Amino acid sequence: MANVVVVGAQWGDEGKGKIVDWLSERADIIARFQGGHNAGHTLVIDGKVYKLSLLPSGIVRGGKLSVIGNGVVLDPWHLVKEIEQLRGQGVTITPETLMVAENTPLILPLHGELDRAREGQTDVAKIGTTGRGIGPAYEDKVGRRAIRVADLADAATLELRVDRALVHHNALRSGLGMEPVDRDKLIADLKAIAPSVLEYAAPVWKVLNEQRKAGKRILFEGAQGALLDIDFGTYPFVTSSNVIAGQAATGVGIGPGSIDFVLGIVKAYTTRVGEGPFPAELHDADGQRLGERGHEFGTVTGRKRRCGWFDAALVRQTCATSGVNGIALTKLDVLDGFETLKICVGYELDGQRLDYLPTAADQQARCKPIFEEMEGWSESTEGARSWNDLPAAAIKYVRHIEELIQCPVALLSTSPERDDTILVTDPFAD
């Protein structure tokens, strides 16, 4: 049976939540494979709005197994809070519907404190993080001082892990002028939250491999976008994990040969939250209009997103690094009413034309977008569910995007409602 990876192909906020929810009806298992609770998903189901930032989007669908993989960093207190919030909206969550990998690293309060302290120190070091401790938690994972879900089950192991982490963190906090961590309180808080987390703990790698062999369909859900990937994003203005599709295998413990289709989620224009390069960014009335019509404010942070025209060069780049088989093009309806549309097709750097964004930060800063203009449309595309419902100019725009990014459109989304979707290619087709 086909297994599908969903990744954002821009800087995040592409509308992954709706697409994952739409696809989850066909899947048996939905697995998060990276990121933390800094990445928001907004789902609209039968007029009801669900806002998720840690739990897989499939959690709101009955009869599905949702999985948080080891590639995620987990804030245990946020996990419990989000579960309670969804239960308050009528969602059933039990160990039969939610599993957390035993080897998932935890985000501790000290991680958030460190994140915010470093971000607030100087303008020079600003990355634009959410301040939720995601980066420091990944640092501890790589530094082999993380506390993982399984460690919560044994008091002696937990205390040993905390002591190892505090050797590093207290020295770092001292250098930043911060008070040492209250060891006893941290241990007590972890012991108190442990039962609420451990009831969902499981050997996810084993479960998923068994389920795959049994013919179950797995939907791998990524957070954020490929341009925020720690290796292939606009470094250092990136997240602290690998976002591209290859991480799906490592992030849950399943072989790369188990991935059958990679679906890249792509917004019909471009947005970015926080610092970093953005060649196609608009600072004019068109940019303001895109932001207002697209309701471009972060689900988690509430921060206003920077807006710009569609950047085909960047999406072509991310389709290559993630091995995207087809894209889901979202928010086409936001472009309704624009007399003229522009698409960035490449960059001019020191008199030379480039068809990709270079790696060096100084070169990225000097890149000037090269735009193509296209005729817009005055008709509404909102709610369209077939190609016949779309204006000819809108179809032309979509087809030209396919040519420029060298990847076909598999799904086309025309509103936040899950059924307002045009299916071109079924990613779950065997």
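Predicted model: local features only at pLDDT ≥ 70, side-chain atom pairs only at ≥ 80, totals over all residues.
Strand β17 itself covers residues 409–413, and five of its five residues are buried, so the strand is largely enclosed by the rest of the structure.

Stepping back to the whole sheet, β17 takes its place in an open arrangement of 10 strands with mixed pairing, ordered β7-β6-β5-β2-β8-β1-β9-β13-β17-β18. The edges are formed by β7 (201–202) and β18, each of which pairs on one side only. Further along the order, strand β1 (residues 4–8) and strand β9 (residues 261–267) are parallel partners, linked by five bridges. There, Val7 is found opposite Gly264 of β9. Helix α1, residues 16–24, packs on this sheet and touches β1, β2 (29–32), β8 (218–221), β9, β13, β17 and β18. The direction of α1 makes about 110° with that of β17.

Two packed helices are described by the angle between their axes and the distance between the axes. For helix α2 (residues 76–88) and helix α6 (residues 183–198), the angle is about 45° and the axes lie 10 Å apart. Because an angle of 65 to 115 degrees would be needed for roughly perpendicular and one under 35 degrees for roughly parallel, α2 is oblique to α6. The crossing of α2 past α6 is left-handed. On the α2 side, the contact is built from Pro76, Trp77, Leu79 and Val80, while α6 contributes Asp189, Leu190, Ile193, Ser196 and Val197. By class, the residues of this contact comprise seven nonpolar, one polar and one charged.

His169 is part of helix α5, which runs over residues 155–175. With a relative accessibility of 2%, His169 counts as buried, because the cut-off for that class is under 20%. Leaving aside residues up to four places away in sequence, His169 touches Leu110, His111, Leu114 and Asp140.

Key: Residues numbered from 1 in each chain as written. Heavy atoms only, no water. Axes fitted to C-alpha atoms, helices over the stretch in contact; angles between N-to-C directions. Helix = DSSP H or I, 4+ residues; strand = E, 2+ residues; numbered from the N terminus. Parallel < 35°, antiparallel > 145°, perpendicular 65-115°, else oblique. Left-handed = near helix turned anticlockwise from the far one by under 90°. Contact = heavy atoms within 4.5 Å. Nonpolar A, V, L, I, M, F, W, Y, C, P; charged D, E, K, R; others polar. Buried < 20%, exposed > 50% of the residue type's maximum accessible area, 1.4 Å probe, protein only. Pairing = 2+ DSSP bridges.
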